[in-house]
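Here's a walk through one protein model, residue by residue and then core by core. Have a look at the sequence and the fold first.

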Amino acid sequence: MNCPFFKEQQVKYCGAAGYRKMILLDGADTGHERCSGPFHTECSVAGRAGSPQTGLADTAAPVCPFLRQSLVQYCTAAAFQKFVPASEPSLLRCGRPAYRYCDLYRTTVPVDSFRSAGSPPCCSGLGGQEARPICAPLHLDYAPNHMWLDRTAPGHCQIGIDAFLAGVLGSVEQLTFLTVAGVCQPWVVLTVRGVDLHLEFPRRIRISAANLYLRAEPVRLTADPYGAGWLFEGSTAESSEPDVPLVSGSKAASWVSEEYRRLDDYLSRQQQPVTSGHDATAGPALAPTAPLEHLSREQMLSLFSEFFSTHEIGRR
Ligand code: SF4
């Protein structure tokens, strides 16, 4: 399954020129072109270069012997068309279902195109005491530790974190991939305020790519969790153990709403001031968003374990 902007075409170029300018054959006007006819002998570049075989100018050839053809690949959505020598399309993201997570693709097509055919739009609602808006796209499935899985094509999948987890994290300083290939449970370490938080997808997949760009720009993880913040690309892998059940997109709104209520209850039970300078005698001061940014190290680890640890999921 190729990206609709991905193209393969024959190009022609001059093998004698110092700069290799490629011209698409499709639509090229070869009838009035010197290289493709007998007038190539008048070309100063060919004259200086001589015959590729003998080093002498080849006046008998019907087309210039330096005229070359090649198959190239390029993106029609890019402002500047860069031709690259053709290779197996599936080696590029443009030739795999993961093309839907390409930044250029996502900025070029309407948002509706990201959903599976026929699926309704992103569900919405309000969750918890703070009545936070819920964003949980219906075409995704959700792991109990708030990681999503997008079945981009039969056997192919993409993995990331949901908006609930992104909201709890607030901002991530550093992101470390502990798995980048092979059959395993995809695993990253998120560093928030100097604390390392381990996040593991509860199912094994065959990882084919990790979004290593997030190491340079971790803000994308929480700023765009369903798009540029994706974490892993892969294919489903056979497992001898029963799979952890996922929450389908159609049930995600009520589940996330319940999770917000659970989060509010959890923070209330902490009975700790969560902002510096808060009067402890005044009772708990709940942070409406990004609670991790206001908790102590121990509280952060405890909250993260309660809501986002795969071990805690197994225990529940
Ligand atoms: S670069 Fe992006 S938009 Fe262009 S062909 Fe590849 S996946 Fe599609």
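## H146 and its surroundings

Leaving out residues up to four places away in sequence, H146 touches I161, D162, F164, L165, W255, E259, F307 and F308, where contact means heavy atoms within 4.5 Å. With D162 there is also a side-chain to side-chain polar contact of 2.7 Å. For that term, a pair of N or O atoms has to lie within 3.5 Å; within protein, one must be able to donate a hydrogen and the other to accept it, and residues adjacent in sequence count only if both atoms are side-chain atoms.

H146 sits in the loop between β7 (141-142) and β8; helices (H or I, at least four residues) and strands (E, at least two) are DSSP runs, numbered from the N terminus. Is H146 buried or exposed? It's buried, because its relative accessibility is 0%; the cut-offs are under 20% relative accessible area for buried, over 50% for exposed and in between for partly exposed (1.4 Å probe, protein chains only). H146 isn't a glycine, yet its phi is positive, at about 65°.

## Ground rules

This is a predicted model, so to speak of local features takes pLDDT of at least 70 and side-chain atom pairs count only at pLDDT 80 or more, while totals for chains, interfaces and linings use all residues. Residues are numbered from 1 along each chain as its sequence is written, and side-chain values use heavy atoms, with hydrogens and water left out.

## The protein overall

The protein has eight helices and 16 strands. Of its 316 residues, 42% are buried. Take the contacts with a separation of 6 or more: 59% of them are between residues 24 or more positions apart.

## W148 in strand β8

W148 is part of strand β8 (residues 147-153). W148 is buried because its relative accessibility is 0%. Its side chain has a polar atom 3.1 Å from the backbone oxygen of P225. W148 and V247 are 99 residues apart along the chain, and their C-alpha atoms are separated by 9.2 Å.

## The nonpolar cores

A nonpolar core here is a set of buried Ala, Val, Leu, Ile, Met, Phe, Trp, Tyr and Cys residues joined through side-chain atoms within 4.5 Å. The largest one has 53 residues, and Y142, L169, L199, L231, L292, L303 and F308 have the most contacts inside it. Helix α6 (residues 249-270) gives the largest share of this core, seven residues. Another core, of six residues, lies apart from it, with F5, F6, Y105 and V109 among them.

## Around the ligand

Which residues surround the ligand? They are C3, F5, F6, C75, C94, Y99, C102 and Y105, each with a heavy atom within 4 Å of the ligand. By type, the shell has eight nonpolar, no polar and no charged residues. In that count Ala, Val, Leu, Ile, Met, Phe, Trp, Tyr, Cys and Pro are nonpolar, Asp, Glu, Lys and Arg are charged, and the others, Gly among them, are polar.

Domain 1 (6-95) and domain 2 (97-316) both give residues to the shell, so the ligand lies between them. The domain bounds come from an automatic or database domain assignment.

T191 lies in strand β12 (residues 187-192) and is buried, with a relative accessible area of 8%. Its side chain makes a polar contact of 2.9 Å with the side chain of D196. Setting aside neighbours within four places in sequence, T191 is in contact with V172, E173, Q174 and D196.

R193 is in the loop between β12 and β13 (195-200), and it counts as partly exposed at 42% relative accessibility. R193 also has a positive phi, near 50°, in a residue other than glycine.

V63 is in the loop between α1 (44-49) and β3 (67-75), partly exposed with a relative accessible area of 38%. V63 touches C35, S36, G37 and H40, not counting residues up to four places away in sequence. C-alpha to C-alpha, V63 and S36 are 4.7 Å apart in space, and 27 residues apart in sequence.

G18, in the loop between β1 (6-14) and β2 (23-24), counts as exposed at 87% relative accessibility. G18 and V45 are 27 residues apart in sequence, with 9.5 Å between their C-alpha atoms.
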